[in-house]
Amino acid sequence: MAEEKFSPEQSLQLIQSMISRTKQNMSDNSIYFLIWGWLTFIAFIGQFMLKHVLQYEKHYMVWLVVIIGIIFSIYQGKKDEKKVRAKSWVDENMSHLWLGMGISFFVLSMIITRMGWGTEMYPFFIMMYGLGTFVSGNFLQFRPLITGGIIAWVLAIGSTWVSYDYQMLLAAAAILFSYIIPAYMLRRRDKINNQ
Amino acid sequence: MFKDLDPILHSQLRLAVISLLISVKEAEFTFLREKTNATAGNLSVQIQKLKEAGYIDVVKQFKDNYPQTICKITPLGITAFEEYVKNLQSYLGTNT
């Protein structure tokens, strides 16, 4: 880049072009939504099958699949950190949001267990899924995630009318609409943007 | 009345660096070099000037045994950039 004097018009063009270059640098967030989306979706369907269809007592054991998600997230996070040479505010906010969400899920599970609420917990979880994707959609400027968050909130209220077993299916639907479908759409958008 | 444009920012490479840093939390030297297409020597000199003006912070560290230079815009740098853009707009008559 030359160091000669340049006009105010060229200054503005340069600023615009540099800012748009940082936009191309957004990291791929859809992979986390896909992994966590599919894992929890399979877990909800699996738990429903084990409990409702097979009447297996320890149906909740299916949630051990969360361990795969945690290991994957740590591994992928470290890999992304090595690759990324500019840390954007979006990435910073996203990692804080989802770390906070993870802790909140843990705290919520503790509260539910301690209070002995047992079977009435899924509406709270579905509500939390909605919060995570609604805020993420805003950070990433991606409407399908915002819509997915709203759908999850509606399903959270709706799930209070059905039994525990069917709450699992509504939770799976919430995951489908707020994580999985928007994640595939996000992946497609990023692919087009990076071309 | 037209105000003089900040001479620290009214230079192609320094303005490019500040424009890149304004939209990220922090960036590596290699990232700035790639986006500006500048030579390492020239970029180092301009980064040093921005640092001396207090517009950016520069941290040198090691990552996986390789030296790494991280640049980050300071609050003073943000103010200077905003002022620069405002002056540009008033010069070009684009502000309302």
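Predicted model: local features only at pLDDT ≥ 70, side-chain atom pairs only at ≥ 80, totals over all residues.
Residues are numbered from 1 along each chain as its sequence is written, chains are lettered from A and ligands numbered from 1 in the order written, and side-chain values use heavy atoms, with hydrogens and water left out.

Okay, the interface. Chain B and chain A bury about 2900 Å² between them, with 60% of it on carbon and sulfur atoms; buried area here is the accessible area, with a 1.4 Å probe, that two parts lose on being put together, summed over both. Gln12(B), Lys25(B) and Lys35(B) supply 25% of the area that chain B buries against chain A, more than any other three residues. Chain B puts 33 residues into the contact and chain A puts in 28 residues, contact meaning heavy atoms within 4.5 Å.

Now the sheet. Helices (H or I, at least four residues) and strands (E, at least two) are DSSP runs, numbered from the N terminus. Four strands form an open sheet in the order E1(A)-E1(B)-E3(B)-E2(B), with antiparallel pairing; two strands pair if DSSP finds at least two bridges between them. So which strands stand at the edges? Strand E1 (86-88) of chain A and strand E2 (56-63) of chain B do, each with a single partner strand, so one side of each has no neighbour in the sheet. Inside chain B, E1 (residues 24-28) and E3 (residues 66-73) pair over two bridges, and Glu28(B) stands opposite Ile70(B).

Helix H1 (residues 12-22) of chain B lies across E1, E2 and E3 of that chain, at about 85° to E3(B). Angles run from 0 to 180 degrees between N-to-C directions, and axes are lines fitted to C-alpha atoms, for helices over the stretch in contact.

On to helix pairs. In chain B, the axes of H2 (residues 29-36) and H3 (residues 40-52) come within 10 Å and cross at roughly 115°, so H2(B) and H3(B) are roughly perpendicular. In chain A, H5 (residues 122-139) and H6 (residues 143-158) pack at about 165°, axes 7 Å apart, which makes H5(A) roughly antiparallel to H6(A). The cut-offs: under 35 degrees is roughly parallel, over 145 roughly antiparallel, 65 to 115 roughly perpendicular, and the rest oblique.
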